[in-house]
Amino acid sequence: MATKFSKETYLYWYELMQLIRQFELKAEEMYKMAGKIRGFFHAYVGQEAIAAGCMTATGANDPFITAYRDHGLGLAKGMSANSCMAELYGKATGCSKGKGGSMHFFSVEHKFFGGHGIVGAQIGTGAGLAFAEKYNGTDNVVLCFFGDGAARQGMLHETFNLAMLWKLPVIFICENNNYAMGTSIERTSNVVDIYKLADAYDMPADKVDGMVPELVHEHVARAVKRAREGDGPTLLEMKTYRYKGHSISDPQKYRSKEEVDEYKDQDPITKVRNTILENNFGSEADLKAIDDRINQVVEESVKFAEESPWPAEDELLKDVYMDQNYVFEKD
Ligand SMILES: Cc1ncc(C[n+]2csc(CCOP(=O)(O)OP(=O)(O)O)c2C)c(N)n1
């Protein structure tokens with residue numbers, strides 16, 4: 001069967017998705033079994049096809065911004081596994097100097113603008129990044145990711161309105177994994193097709209199978225073209241699923257094992273792997289070589305994190321925003 005995408009694209013997708021998956025599984029192990037990582041931890045496992053398709057449809061200069069489920073997109077943008085694992089460990093060599101942790105990956109160099117803990121806040125900030133790109137006369141397009149839960153925040157509506165009015169170069173990507181913590185999408189609104197929210201602002205929108213990197217790429221590429229041509233934003237609702245709980249401490253009583261298995265049957269890594277083999281884009285041995293390489297990168301990141309120093313004491317208040325005229329401050 002002929003494919004629309006090249007051998008190189010499939011091999012890139014496979015390697016990136018494996019990197020994200022193996023990084024997350026290793027980090028979870030270091031959290032749960034070894035007790036090396038503390039605090040919040042939200043895994044991207046299951047959602048990798050979105051990162052893969054978005055990467056091949058954009059360029060290195062196109063900024064990404066997301067919520068706290070940020071490990072996968074940070075790695076996709078090219079942040080090193082070392083700097084990401086060290087951040088989870090809270091070490092000085094982490095991408096946020098060990099002071100952000102899981103929810104606050106950040107790298108200006110890689111155009112990855114976080115990592116945000118306030119649900120929906122990054123929707124407005126993402127439009128702000130797009131405003132800056134337009135103001136500076138670049139042709140960069142911002143990819144602004146948020147969950148189905150965040151779609152219920154008022155911030156989305158104010159942002160959609162201004163982004164359309166000002167034709168900002170931004171693509172709003174709702175990673176609809178069906179749950180906001182333990183609350184299913186049906187329990188949050190009568191409108192369960194999130195892409196329809198764009199109608200109120202005349203914003204082009206579409207629903208995409210987020211388990212299929214080919215479809216993610218095609219839709220994002222189309223939206224990127226529109227944005228680069230000055231035609232403004234697009235909303236893409238990507239239907240996906242997280243195999244793990246909302247966070248590492250989620251007992252997952254709100255869903256059945258059968259439901260999780262249903263999505264695991266559509267696993268994008270397995271599907272891309274099969275496409276590579278069926279089209280002779282690579283052999284079993286080639287794929288094993290990729291798996292081994294990823295394994296080495298991830299193991300090395302653990303070693304790097306373990307051997308890295310803790311942040312120095314004088315780092316404690318550096319880069320921390322403090323309002324000097326804080327009204328409630330007592331002296
Ligand atoms: C403003 C705000 N309200 C509530 C929370 C608590 N909270 C953290 S994650 C979350 C669920 C968000 O779900 P969704 O946007 O679908 O993202 P997902 O976790 O599925 O990626 C909530 C309510 C928060 N962090 N910020």
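Student: What should I know about the numbering and the model before we start?
Tutor: Residues are numbered from 1 along each chain as its sequence is written, and side-chain values use heavy atoms, with hydrogens and water left out. Because the model is predicted, local features need pLDDT of at least 70 and side-chain atom pairs count only at pLDDT 80 or more, while totals for chains, interfaces and linings use all residues.

Student: How do you know how many helices and strands the protein chain has?
Tutor: Helices (H or I, at least four residues) and strands (E, at least two) are DSSP runs, numbered from the N terminus, and on that basis the protein chain has 10 helices and seven strands.

Student: Why is the radius of gyration of the protein chain said to agree with a compact globule?
Tutor: The radius is taken over C-alpha atoms, and the globule rule is 2.2 Å times the number of residues to the power 0.38. For 331 residues a compact globule would have a radius near 20 Å, and the protein chain has 20 Å, so the two agree.

Student: What makes helix H4 mostly covered?
Tutor: Buried means under 20% relative accessible area, exposed over 50%, and partly exposed in between, with a 1.4 Å probe and protein chains only. In H4, residues 81-89, nine of the nine residues are buried, among them Cys84, Glu87 and Tyr89.

Student: Which helices do the buried residues of H4 pack against?
Tutor: With contact meaning heavy atoms within 4.5 Å, they pack against helix H1 (7-32), helix H3 (71-76) and helix H10 (284-307). Just after H4, Gly90 takes a positive phi of about 80°.

Student: Why is Gly46 called buried?
Tutor: Gly46 has a relative accessible area of 0%, and is therefore buried. This glycine lies in the loop between H1 and helix H2 (48-56), and, not counting residues up to four places away in sequence, Gly46 touches Arg21, Met211, Thr240, Tyr241 and Tyr243.

Student: How do you know that Glu214 has no salt bridge?
Tutor: A salt bridge is a side-chain nitrogen of Lys or Arg within 4 Å of a carboxyl oxygen of Asp or Glu, whereas the nearest side chain of opposite charge to Glu214, Lys271, is 7.2 Å away. Lys and Arg count as positive and Asp and Glu as negative, with His and the chain ends not counted. Glu214 is found in helix H7 (residues 213-228) and is buried; leaving aside residues up to four places away in sequence, Glu214 touches Phe5, Tyr10 and Trp13.
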